[in-house]
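Q: I am new to this structure. Could we go through it together?

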Amino acid sequence: MATWNGVLLIALLACGVAQVAKALVALVQHQQWHPKILIQSGGMPSSHAALVAALAVAVGQTWGWNGPEFAIAVVVALIVMYDASGVRLAASRHARLLNQMVDTLRREHGEFQDHNPLQELLGHTPAQVLVGGLLGATVALLATPWLQT
C-alpha cells in the first residue's frame, strides 16, 4: 500500500501548475514579475478549476468512470467552478465598486482615512474557469498513468 495519495498529489500539482501559469500570464501582460500572484485567487487560468478538474479526472482514471467516487468528484468540481465564475466573480465586482465609492468619499469628504481596500481579485470569468478546468484535466490525464506505475 502506498504511503501517499496519488489523486491528491495530482490535484495539488494541477493547482500549482495553474498558479505558475497565472504568474507567467501576468508577466507577459504587464511586463513585470508579481510573485504574490503565486498565492492569490483570481486571474487566468483558474487554479480552483484546475484543482477540481484534475481531482475528478484522476478519480475517474483511478477508480473508474462509472463509480460513485467519480460522480462525487464531478459534482464538487461543477459546484466549485460555478461558484468561481458566478458568486465569487460578483463579489469581485462588488468589491471594486465599493472601493471606488470609498475613494470618492475620501476625496470629496475626507472620510475613511484608514480604509483598507477590499480585495478585488476573487472570482473568475467563464473563460478563466474553462482554461483552468482544461489545464487540470490535462495534468491529470498525463500524470495519473505515471503515478500508477
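Predicted model: local features only at pLDDT ≥ 70, side-chain atom pairs only at ≥ 80, totals over all residues.

Q: Understood. How many helices and strands are there in the protein?
A: The protein has five helices and zero strands. Read from the N terminus, the order of elements is α-α-α-α-α.

Q: And what share of the residues is buried?
A: Of the 149 residues in the protein, 34% are buried. The accessible surface comes to about 9200 Å², and carbon and sulfur atoms account for 68% of that surface.

Q: What about contacts between residues at least 6 apart in sequence: what share joins residues at least 24 apart?
A: That share is 71%.

Q: Let us turn to α5. How many residues does it have, and how far does it reach?
A: Helix α5 covers residues 126–147, which is 22 residues. From its first C-alpha to its last it reaches 31 Å, close to the 32 Å expected at 1.5 Å a residue.

Q: Which of its residues are buried in α5?
A: The buried residues of α5 are Q128, V129, G132, G133, G136, A137, V139, A140, A143 and T144.

Q: Take G133 in α5. Why does it count as buried?
A: G133 has a relative accessible area of 12%, and buried means under 20%, so G133 counts as buried. Leaving aside neighbours within four places in sequence, G133 is in contact with A49, A50 and A53. The C-alpha atoms of G133 and A54 are separated by 7.6 Å, although these two residues are 79 apart along the chain.

Q: And V17, where is that found?
A: V17 is found in helix α1. With a relative accessible area of 32%, V17 is partly exposed. V17 touches L135 and V139, not counting residues up to four places away in sequence.

Q: Now the loop between α1 and α2. Is S46 there buried or exposed?
A: S46 is buried, at a relative accessible area of 0%. Its place is in the loop between α1 (6–30) and α2 (47–63). Once neighbours within four places in sequence are set aside, the contacts of S46 are A18, H124, Q128, V129 and G132.

Q: What about L38?
A: L38 is also found in the loop between α1 and α2. Its relative accessibility is 32%, and L38 therefore counts as partly exposed. L38 belongs to a nonpolar patch on the surface, together with V20, L24, L27, W33 and I39.

Q: How much accessible area does that patch have together?
A: The patch has about 570 Å² of accessible area together.

Q: A change of topic: how many aromatic pairs does the count come to?
A: The count comes to one aromatic pair. The pair is formed by W65 and F70 and is edge-to-face, at 5.0 Å centre to centre and with 80° between the planes.

Q: Are W65 and F70 buried or partly exposed?
A: W65 is partly exposed, with a relative accessible area of 45%, whereas F70 counts as buried at 19% relative accessibility.

Key. Residues numbered from 1 in each chain as written. Heavy atoms only, no water. Helix = DSSP H or I, 4+ residues; strand = E, 2+ residues; numbered from the N terminus. Buried < 20%, exposed > 50% of the residue type's maximum accessible area, 1.4 Å probe, protein only. Contact = heavy atoms within 4.5 Å. Patch = residues over 30% accessible without salt bridge, like charges linked within 9 Å, V, L, I, M, F, W, Y side chains within 5 Å. Areas by Shrake-Rupley, 256 points an atom, 1.4 Å probe, with all protein chains shown as cover. Salt bridge = Lys/Arg side-chain N within 4 Å of Asp/Glu carboxyl O. Phe/Tyr/Trp six-rings, centres within 6.5 Å; stacked < 30°, edge-to-face > 60°. Expected span 1.5 Å × (residues − 1).
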